[in-house]
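Dear colleague,

I am passing on to you the structure that I have been looking through, and my notes on it follow below. Please read them with the structure open beside you.

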Amino acid sequence: MKLISRIFTAAVALTSVLPAFSALPVHAVGQNVSSAVSEDIGLVGTLYTVADSGKADHAELQWATTLSAQSYVLYRSANEKSGFVPVYEGTGNSWQDSSLNSGTKYYYQLKVCGKSSDSYSSVCALEACDLPSDLSTYDNQKGSSLVYETSGYKVGNTYYSYSLKKHAGMDDIYLEETSSTDGKHFSNAKNVADSSQNSALASCKIESVHIDYIPEKNKVVVWAHWEKPSGYSDGKALVITGTPGGQFTVHHVYNPLNIQVRDMAIFFDDDGTGYLIAAANKEGQGANATMYIFRMNEDYSDVTEVVNTLFEDQYREFPNLIKKDGYYFLFTSQAAGWYPSSGAYSVTKDIAGKWSELRSIGNSSTFSSQSGWIVNMQDKNYLMHAYRWLRASETSGTTLCPLYFDNGFAFYDYCPYFKYNTSTGELFPVQQGDLLSQDKPVSSSLASKSGNSPEKAVDGSYQSSFNAIGDYKKWPFYIQVDLEQVCDLSNIQTSWYICKGSEGYYTYTVEGSTDGVNWTQILDHTNKNSETVSKTYGFNSDMLKGRARYVRLNVKGATLQNNPDNNWYNPQVYEMKIFGKPVSEAEKPAPYMDIDFESGTGELKPNSGASVKRDSEKGNVLYFDGSDSSFAEFPTGMIDGCRDYTVSMDIKSESEGNFFTFAAGKNDEKYVFFRVAEDVFRFAATTDSWRDETEIVHDLDGSKWHNYTLVVNGATTKLYIDGRLAEKTTETHGQLADMGTGTSCYLGKSYYADDTCFKGSIDNVKIYKCALTDSEISGNPVTSPVKGDVNGDGIFDASDLTDMQQYLHGRKSLASPENGDLCEDGILDVFDMIAMRKLYK
């Protein structure tokens, strides 16, 4: 009632002032929840805690789809039905929200942007909370064990526990049963099945052991992979069943239905049907080439038929099948011996029917582990229990990743620690701070194509990667990220390229800088004599301690396990995540050279054809007359060794043909330059003359004053014209840092003898020994939205008033509606329009 009264009163009062707006409707900031929900999208939200904060007030959102997606938009609202505003836009498949307020429930919905249409996920809801007091901590960094209040299978008032063991000094196998009255202290060990029932247990080895208890039948079921003490040529299954506290029977050591089986799992469906899932092979195939699903008989002592075969010739192993929300999920790992391998899963609603293609999950190495079995925590939460067969003695032998499901999709990610309670099913991942690096400005010392640019290493996706152009690959190399704020660093997680059969470990250092010029090493991971270095493949999680705005991962090399002296890897990094805590806003770097020509030319030395003159628009400028002496020289070596630098100046050109407006380098073989002609801008860089230049070309009217800012950030080069990004390349392979010392630097002069000198005017020359960011160039900080800027172009002007008017009439949507809520009441209406007009005046 109050809102309606307010609008009515305003409409009467403003009739003569603003008649066109008197009937405009009220609009909530943001959009309504979409009902166009697709079953082909999965979205999960996970509350996590930071270090020892005691609160689960951060969230990780993960998503996946089988739709053809060009990009994603994630929306958030504190209202279930409306007010959804975009919080993430990009091509990644995860995002972390560090701005949750206690007591507020947040709703998330994902838009999948396709080529011709958009689709939406179901809504995911999260509410920050205090951590329960009765939680244990699991350490993925150094290893620990899950804590259970009780263990074993409870039958009546007795708990029973079973394990396959061997006698000391022997190769035999027997099944041991122990019992307990409290589920904590077990004793009364006894042998319930051994070689006396089947001689094959007298000398053998056992792997992939699965023991389960079926309450409805009061039956313990044991299936395991059996082999002779040496080799893996038999591929047999050991089958034992029995009654807790009673008789056990060794039924078989055999090839089920005459099929060799190795890595295996057993699964019991809701109707009691049992299944054996095993890595097997058809006739003529290699071991583990195809995954088989067998149906068991009534007492689970044998199999009766093959109900499905999957992943033919894909060599998947370590199967584990679970059922969740009506879907069957089959998790497997890539066969890679004892080395880490990529995990994947397939899903169906009918075990005997069609299964999905294998879907990627986690990173390329299952976080330096092998996908394993699933821990069910009271049907409330789940864990992927992955094995680290190859590891340092002081690191964890298992990697446990919280596992989540939605709409037939599965997700897991790495956390250094997590807090949990196996009795209640509570589970909270622990990260060491905010995720600082995602979608921040990033560069590499190596050239790359746009589809494999450095941005792919911080985009929130384990499926995309930075990958250097093969013709320009070299080791060492670096990836550098600008966090755009000064932060205390705590953890870096790096997902590497890994090749099955030629697995490699990486040596590297991490450096930090607050100014982009002076660097401090904060991590050294180069000692090959350390097992932590030489036995960690595919993924590294390193704790950090240091303060920095810029973070640089210096990758020294990769050592391949089958060919340690021949690193044939192409430099490639899938994802680099940096965690920590922001401590202060970043100050814009000060220019190394700053000349406005109002009080001379500073350290810039003009030749006779260049002189300071008065310009009607700019005041004093440096004018170049186009003669052979029309140039000016900076101090020699001014930007020697720089891989990151920014050159900015105002230019009005009168030139055509071949010439350099700005140049740095050694000669006509090694140089970087740009020229502004009357109709075009051109940048080029090379260490092999014109034959191998990286270039940027942009058409424009160069005869008028424009500001040109060239940002070189490793192999990434950007051109800004009047503060707006005009061109970009990530393929700059000719870099100043590779040109040695004593480089020269000119305005107006080319390194080619046949070129002319520049003719035109230059003003406000600034040179920085670091790469400025978009916000530092545009003057609009990322953290400070522009009031009234409803069209999202970074400035507030008359076009925003026009767009707002059309929006209120229902004729147009707004790119940034939240910037138009000047009354800060959560709605867009005529009063915000009035405030925008006042702001514009």
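How many helices and strands are there in the protein chain? The model, which is a predicted one, has five helices and 58 strands in that chain. Of the 841 residues in the protein chain, 56% are buried, and its C-alpha trace spans about 105 × 75 × 45 Å along the principal axes. When contacts between residues at least 6 apart in sequence are considered, 62% of them join residues at least 24 apart. The accessible surface of the chain amounts to about 35,000 Å², and carbon and sulfur atoms account for 45% of that area.

Beyond its neighbours within four places in sequence, Phe634 is in contact with a number of residues, among them Met593, Ile595, Phe662, Leu747, Val765 and Ile767.

On the surface, Tyr232, Trp338 and Trp389 form a nonpolar patch, and together they have about 360 Å² of accessible area. Tyr232 is found in the loop between β18 (219–227) and β19 (236–242), and this residue is partly exposed, with a relative accessible area of 38%.

Finally, in helix α5 (residues 830–840), the buried residues include Val830, Phe831, Ile834 and Met836, while the N-terminal end of α5 is capped by Asp829, a side-chain oxygen of which lies 3.1 Å from the backbone nitrogen of Phe831.

Conventions: Residues are numbered from 1 along each chain as its sequence is written. This is a predicted model: local features need pLDDT of at least 70, side-chain atom pairs count only at pLDDT 80 or more; totals for chains, interfaces and linings use all residues. Side-chain values use heavy atoms; hydrogens and water are left out. Buried means under 20% relative accessible area, exposed over 50%, partly exposed in between (1.4 Å probe, protein chains only). Helices (H or I, at least four residues) and strands (E, at least two) are DSSP runs, numbered from the N terminus. A polar contact is a pair of N or O atoms within 3.5 Å; within protein, one must be able to donate a hydrogen and the other to accept it, and residues adjacent in sequence count only if both atoms are side-chain atoms. Patches are made of residues with over 30% relative accessible area and no salt bridge: like charges are joined within 9 Å, nonpolar side chains (Val, Leu, Ile, Met, Phe, Trp, Tyr) within 5 Å. Accessible areas come from the Shrake-Rupley method with a 1.4 Å probe; for residues, only the protein chains shown count as cover. A salt bridge is a side-chain nitrogen of Lys or Arg within 4 Å of a carboxyl oxygen of Asp or Glu. Contact means heavy atoms within 4.5 Å.
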